[in-house]
Amino acid sequence: MVATVTAPALPAPTVTVTVTATVEPTSAPAAGANGTIAGSGTYLVGTDIQPGTYKTAGPSGSTGICYWERSNGSSGDVGSIIANEALTGQGVVTIKKSDAVFKSQGCQMWTKVG
């Protein structure tokens, strides 16, 4: 004798997913009215930052290099670079009204000195 038994269907399991995000504040504004520029970023002159002379204490990370660049456009083309430097110590840059973009990578905060 063969008997067939059908078991009742089980309900689908319930899955709960919880996602938690932590937002860390930056130590300084990107380019505030207080005359500072964050050490890594690309900034439009006259919009994000104001022309002037800025100083930095140098590199902020383990690479030991602080790179800055003044350019006449945001294309990223090498031909648009007006001036640039790779610092291993403190440095000063004068951003001119005629510059379109200032880029800084791996630097400590820039502080306006003039």
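**Figure 1. Overall fold of the predicted model.** Helices (H or I, at least four residues) and strands (E, at least two) are DSSP runs, numbered from the N terminus. By this assignment the protein, shown here as a predicted model, has zero helices and eight strands, and its pattern along the sequence reads β-β-β-β-β-β-β-β. Of the contacts with a separation of 6 or more, 69% are accounted for by residues 24 or more positions apart. Buried residues make up 29% of the 114 residues in the protein, while the exposed surface comes to about 7,800 Å², of which carbon and sulfur atoms supply 56%.

**Figure 2. The four-stranded open sheet.** Four strands form an open sheet in the order E2-E7-E4-E5, and their pairing is antiparallel. Strand E2 (41-44) and strand E5 (81-87) stand at the edges with a single partner strand each, so that one side of each is left without a neighbour in the sheet. From one strand to the next, the twist averages 10°. Within this sheet, E4 and E7 run antiparallel and are joined by five bridges; Arg-70 has Phe-102, in E7, as its bridge partner.

**Figure 3. The disulfide between Cys-66 and Cys-107.** The structure holds one disulfide, which joins Cys-66 to Cys-107 with an S to S distance of 1.9 Å. Cys-66 lies in strand E4 (residues 66-71), whereas Cys-107 lies in the loop between strand E7 (101-105) and strand E8 (110-112), so the pair ties together parts that are 41 residues apart in sequence. The torsion about the S-S bond of Cys-66 and Cys-107 is about 95°, and the disulfide is therefore right-handed. Because buried means under 20% relative accessible area, both cysteines qualify, with Cys-66 at a relative accessible area of 0% and Cys-107 at 4%.

**Figure 4. The largest nonpolar core.** In soluble globular proteins, nonpolar side chains tend to be buried together. In this model the largest nonpolar core has 14 residues, and those that touch the most other members are Ile-37, Ile-49, Val-93, Ile-95, Phe-102 and Trp-110. Strand E4 and strand E6 (91-95) each supply at least two residues of this core.

**Figure 5. The surroundings of Val-93.** Leaving aside residues up to four places away in sequence, Val-93 touches Gly-52, Thr-53, Tyr-54, Trp-68, Arg-70, Phe-102 and Trp-110. Among these neighbours, Phe-102 and Trp-110 are, like Val-93, listed with the core residues that touch the most other members, and Arg-70 is the residue whose bridge partner in E7 is Phe-102.

Terms used:
Residues are numbered from 1 along each chain as its sequence is written. This is a predicted model: local features need pLDDT of at least 70, side-chain atom pairs count only at pLDDT 80 or more; totals for chains, interfaces and linings use all residues. Side-chain values use heavy atoms; hydrogens and water are left out. A disulfide is a pair of cysteine sulfur atoms within 2.5 Å. Buried means under 20% relative accessible area, exposed over 50%, partly exposed in between (1.4 Å probe, protein chains only). A nonpolar core is a set of buried Ala, Val, Leu, Ile, Met, Phe, Trp, Tyr and Cys residues joined through side-chain atoms within 4.5 Å. Contact means heavy atoms within 4.5 Å. Accessible areas come from the Shrake-Rupley method with a 1.4 Å probe; for residues, only the protein chains shown count as cover. Two strands pair if DSSP finds at least two bridges between them. Axes are lines fitted to C-alpha atoms, for helices over the stretch in contact, and angles run from 0 to 180 degrees between N-to-C directions.
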